[in-house]
Every structure is written in structure tokens, then in C-alpha cells.
Amino acid sequence: MPKVAKAKKTQQWIQNALEDAKTQNIAVLDVRKISDFTDYMVIATGTSNRHVQSSADKVAETLRDHGVRRVGIEGQQLGDWVLIDFGDVVVHIMREQTRDFYNLEKLWSDAKRIEVGEKRETAKKPRATRKTKTTKK
């Protein structure tokens, strides 16, 4: 799979995991033209320290299920701001006050903002077929 397609797929899986974890205000920034260390940044807000931590766990678990390993993780213990580095995609999950204070969207304002929710691609799992009994009358 080409690098750009892999990064886009990873970004979509992260976005889906964050939506499933009920994080708020998910922002996806395409930083390929202005950054040489990553292609996308995904920023989301958790409602509490525990929500930030559990959302980070959800993202890491989801990507592990897809065979994508993280390069590093920071802030997991405190849960105020967790950064997960997947190489092509960097994820920031923060409490609202932390997100307001650091304002990463303004810091990366030259990045192209991708509309969240425009394409939700889920992992397709085979449906279990259910055998039904037919009775004769």
C-alpha cells in the first residue's frame, strides 16, 4: 500500500475509534505540506482525565487490531493530554481546558483541515449466519 494511502487509512481508523469513544470536537489536520515528521494530526477532546486515557486506549487497541503499532505515547499516566505517535499520524487527546490553552489548531493554522464525518469507513466483519428451523405443518 502506498505511504499516502496507508496514512489516510490510519487517520480514518483513528477518527472512527475516537468517535466510538465519544470524544468531542474531533479535528483532522493534513500537515503533509508543512511538516516533515507526520502527514496528519488528529485532535480530540475528552470530558475527563479518565475519558482521555480510555479514549487513547481505544485508539491504540483499534490500530493494533489493524496491524498498526504506535511509535510512542506520552501523557497516559496523567490523562490531561495524551499524545500517540503512529508515525504518519499523530493523535492528541486532551481535556477541554488543555486544548483551549495550547490551541494546536491555531498553531497549525496553515494545515488543511479535513471535514470530520465525511467518510466513515468501518472495518467490515462477516455477519454470522443464523440457521432457522423450518417446521412442517
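1. Start in the middle: the largest nonpolar core of this predicted model has 22 residues, and Ile14, Leu18, Val59, Phe86 and Val91 have the most contacts inside it. A nonpolar core here is a set of buried Ala, Val, Leu, Ile, Met, Phe, Trp, Tyr and Cys residues joined through side-chain atoms within 4.5 Å; buried means under 20% relative accessible area with a 1.4 Å probe, protein chains only.

2. Who supplies this core? Helix 1 (3-20), strand 1 (24-30), strand 2 (40-46), helix 2 (49-65), strand 4 (81-85) and strand 5 (89-95) each give two or more residues. Helix 1 gives the most, with five. Helices (H or I, at least four residues) and strands (E, at least two) are DSSP runs, numbered from the N terminus.

3. Have a look at Val59. Beyond its neighbours within four places in sequence, Val59 is in contact (heavy atoms within 4.5 Å) with Ile14, Ala17, Leu18, Ile84, Phe86, Val91 and Ile93.

4. Now the sheet: six strands form an open one in the order 3-4-5-2-1-6, with mixed pairing. Two strands pair if DSSP finds at least two bridges between them. Strand 3 (72-74) and strand 6 (112-114) are the edges, each pairing on one side only.

5. Zoom in on strands 4 and 5, which pair antiparallel over five bridges. Val82 stands opposite Ile93 of strand 5.

6. Some housekeeping: residues are numbered from 1 along each chain as its sequence is written, and side-chain values use heavy atoms, leaving out hydrogens and water. As the model is predicted, local features need pLDDT of at least 70 and side-chain atom pairs count only at pLDDT 80 or more, while totals for chains, interfaces and linings use all residues.

Definitions and conventions
Buried means under 20% relative accessible area, exposed over 50%, partly exposed in between (1.4 Å probe, protein chains only).
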